[in-house]
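User: Hi, could you walk me through this structure with me? I'd like to start with the charged pairs.

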Amino acid sequence: MGKVSVEQRIQAVQRYLNGYETMIEVAKDIGMTVQVVSEWARRYQKSGVETFLKSYTQYY
C-alpha cells in the first residue's frame, strides 16, 4: 500500500458513495484494502472533506 493523496481519497470515497463502483473495485483500483476505504467512507460521511484535511498522523 502506497501513500494516497487527499484528492485521491476524496475521489475514491465519492466513487463508492455515488454508487459508481463497489468498495472492492475502488480499493483494488487505488491499491488499498477494503477496510481502509471503508474507514475513509465512514469518516467522510461523518465530517465531510474536512476529515482528510486535518494534519495529524496516526500510528497503528
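User: Which residue does Glu21 form a salt bridge with?

Analyst: Glu21 pairs with Arg15, and their closest N and O atoms are 2.5 Å apart. A salt bridge here is a side-chain nitrogen of Lys or Arg within 4 Å of a carboxyl oxygen of Asp or Glu. Bear in mind that this is a predicted model: local features need pLDDT of at least 70, side-chain atom pairs count only at pLDDT 80 or more, and totals for chains, interfaces and linings use all residues. Residues are numbered from 1 along each chain as its sequence is written, and side-chain values use heavy atoms, with hydrogens and water left out.

User: Is Glu21 buried, exposed or partly exposed?

Analyst: Glu21 counts as partly exposed, because its relative accessibility is 24%. The classes are buried under 20% relative accessible area, exposed over 50%, and partly exposed in between, using a 1.4 Å probe and protein chains only.

User: What else does Arg15 form a salt bridge with?

Analyst: Asp29, with the closest N and O atoms 3.0 Å apart. Arg15 sits in helix α1 (residues 6-17) and Asp29 in helix α2, so this pair ties together parts that are 14 residues apart in sequence. Helices are DSSP runs of H or I with at least four residues, strands are runs of E with at least two, and both are numbered from the N terminus. Asp29 is exposed, at a relative accessible area of 54%. Arg15, Glu21 and Asp29 are linked in a network of salt bridges.

User: Nice. How many salt bridges does the count come to?

Analyst: The count comes to 3 salt bridges. One of them joins Arg42 and Glu39, where the closest N and O atoms are 2.6 Å apart. Both residues lie in helix α3, 3 residues apart, which is about one turn of the helix. Arg42 is partly exposed at 44% relative accessible area, and Glu39 is partly exposed at 31%.

User: Switching to packing. At what angle do α1 and α2 pack?

Analyst: About 155 degrees, with their axes 9 Å apart. Axes are lines fitted to C-alpha atoms, for helices over the stretch in contact, and angles run from 0 to 180 degrees between N-to-C directions. α1 and α2 are therefore roughly antiparallel to each other. For the labels, under 35 degrees is roughly parallel, over 145 roughly antiparallel, 65 to 115 roughly perpendicular, and the rest oblique.

User: Which residues meet there?

Analyst: Ala12, Arg15 and Tyr16 in α1 meet Met23, Val26, Asp29 and Ile30 in α2, where contact means heavy atoms within 4.5 Å. By class, these divide into 5 nonpolar, no polar and 2 charged. Nonpolar covers Ala, Val, Leu, Ile, Met, Phe, Trp, Tyr, Cys and Pro, charged covers Asp, Glu, Lys and Arg, and the others, Gly among them, are polar.

User: What about α1 and α3?

Analyst: Those two pack at about 85 degrees, with their axes 10 Å apart. That makes α1 roughly perpendicular to α3. The contact is made by Arg9, Ala12, Val13, Gln14, Tyr16 and Leu17 of α1 and Trp40, Ala41, Tyr44 and Gln45 of α3. Its residues divide into 7 nonpolar, 2 polar and 1 charged.

User: How many helices and strands are there in the protein?

Analyst: There are 4 helices and 0 strands. Of the 60 residues, 25% count as buried.

User: Where is Thr51, and what does Thr51 touch?

Analyst: Thr51 is in helix α4 (residues 50-53). At 5% relative accessibility, Thr51 counts as buried. Leaving out residues up to four places away in sequence, Thr51 touches Arg43 and Tyr44.

User: Is Leu53 buried, exposed or partly exposed?

Analyst: Leu53, also in helix α4, is partly exposed, with a relative accessible area of 47%.
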